Amino acid sequence: MNNKVEKIPLTEEAKNSILYVSDKPDIIMEKGKGMYLWDTTGKKYLDFIAGWAVNSLGHCPEVIIKALEYQSKTLINSSPAFYNKPMINFSKLLINNSCFDRVFFSTSGAEANESAIKLAKKYGTKYLNGAFEIITTTNSFHGRTLATMAATGKPNWKNLYKPYYPGFSHVAFNDIKAIKNKINKNTCAIMLEPIQGEGGINLGNLEYFKEIRKLCTDNGILLILDEIQTGIGRTGKLFAYNHFDIEPDIMTIAKGIGGGFPLSAMLTKNKLNIFNKGDQGGTYTGQPLAMSVGYAVLNRVIEEKLWLNAEIQGKYIIENLNKLKDNGKIKSVRGMGLLIGIVLNKENGDQIVNSCLKNGLIVNSPKSNMLRLMPSLTVEKNHINNMIDIIKEII
Ligand SMILES: *Cc1c(COP(=O)(O)O)cnc(C)c1O
């Protein structure tokens, strides 16, 4: 085997073969291991975005390689018409480690949220005289299908892709009064992120979530938690709802659960096992490769209690970033576990992201005055020290 990294030039022709949706640097990523990525010139990057809070075990972890190797030699695809072994093992593991009884698998986060929205509407039709409205929050992010874009609280998305998908209303996050005032006879559910990730690391407060739970129970409506970014150990607990000491009726997960493989799930309770035959489905629901990877990732996270490392390293990051705050180099830091936002003194997030990249560090800027860190759950102190040195240097 030839282990030499082949240098592939990024030609204009190659660039022009990709439909434009966002700006990308002139870099072709070639391989990854643990906390690091390498591009085709051999340059090494310390990765603090981890595929967008996705590679929970780092790049190319042995457990995923083994799961894919075994499963791809055993059964790549059977069909959504049958059960398969990894599907059963994985759903049991999810059920045994959460407050839920039932799982529906899909491929992306937006799809899992679509399932949750459908289930809430089904519930409204069946039990609430046809109630169909779902209350979400401003600054929320729930995905990029047409319905989940409408669920998302980005005002400038209202004028994209008209007509706008109906049935969602938005209120301020962490404002219990605003939600109380919004509930009406058409409301079937409230859908929230425990921490608004894309919205700029806005932490949900404990009392708010406790009151929301009670509000939903009292009104007979459903509480949907979108844990696509916060689930699977990221915030210092296996799921963020564990911090609030509440049980949602529906939870969606994606990102971290696949460790890089496209995989998502909607989890719910037995009382919401109310879809009729054909109401919901999908060619790749329970796809064996995805199931075996999901099982392997979750099993490793649980075995090693990786949420504890997320908590410890998260605290270490915040502690050290606070020193930069004391020096006046940054405005503030907020976050939980390994989902951390740095508020900058200036609106130069994109500029800092680019400088970091040049210096071999990958971070993200969800807002112009903010950097976001979301490394793999296996990050260690030496990576953190390197990351902080680079950021300190640049700022
Ligand atoms: C990323 C994300 C989604 C969308 O997930 P995709 O896999 O991109 O469809 C939805 N909700 C939250 C909270 C997310 O962070």
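The lining of the second largest pocket draws at least two residues from each of α4, β4 and β12, where helices (H or I, at least four residues) and strands (E, at least two) are DSSP runs numbered from the N terminus. The largest share of that lining, five residues, belongs to α4. The model is a predicted one, in which local features need pLDDT of at least 70 and side-chain atom pairs count only at pLDDT 80 or more, while totals for chains, interfaces and linings use all residues. Residues are numbered from 1 along each chain as its sequence is written, and side-chain values use heavy atoms, with hydrogens and water left out.

The second largest pocket holds about 820 Å³ of space, a volume being the space filled by probe spheres set on grid points that are joined across faces, edges and corners. A pocket is here an open set of points, on a 1 Å grid over the protein atoms alone, where a 1.4 Å probe fits and with protein on both sides within 12 Å along at least five of seven lines, and its lining residues have an atom within 4 Å of a point. Of the 30 residues that line the second largest pocket, Met87, Arg102, Val103, Phe104 and Asn273 are the closest to its centre. By class, the lining has 15 nonpolar, 10 polar and five charged residues, with Ala, Val, Leu, Ile, Met, Phe, Trp, Tyr, Cys and Pro counted as nonpolar, Asp, Glu, Lys and Arg as charged, and the others, Gly among them, as polar.

Strands β4 and β12 also belong to an open sheet of seven strands, ordered β4-β12-β11-β10-β7-β5-β6 with mixed pairing, where two strands pair if DSSP finds at least two bridges between them. Its edge strands, each pairing on one side only, are β4 (102-106) and β6 (168-171). Within this sheet, β5 (residues 133-137) and β7 (residues 187-192) pair in the parallel sense over three bridges, and Ile134 stands opposite Ala189 in β7.

Helix α4 (residues 85-96) lies across β4, β11 (250-253) and β12 (264-268), and runs at about 125° to β4; axes are lines fitted to C-alpha atoms, for helices over the stretch in contact, and angles run from 0 to 180 degrees between N-to-C directions. Helix α5 (residues 109-127) packs on the sheet as well, touching β4, β5, β6, β7, β10 (222-226), β11 and β12, contact meaning heavy atoms within 4.5 Å.

Helix α4 also packs against helix α10 (residues 288-303), at an angle of about 35° and with the axes 8 Å apart. Residues in this contact include Met87, Phe90 and Leu93 of α4, together with Met291, Tyr295 and Leu298 of α10. The contact of α4 with α10 comprises 10 nonpolar, four polar and no charged residues.

A further open sheet has four strands in the order β1-β2-β3-β15, again with mixed pairing. There β1 and β2 (residues 36-39) run antiparallel and are joined by four bridges, with Lys33 opposite Tyr36 in β2.

Two details of the backbone remain. Most residues other than glycine have a negative phi, and most peptide bonds are trans. The peptide bond from Lys162 to Pro163, however, is cis, with omega near -5°, and Pro163 is found in the loop between α6 (146-151) and β6. Trp52, in helix α2 (residues 50-53), has a positive phi of about 75° although it is not a glycine.
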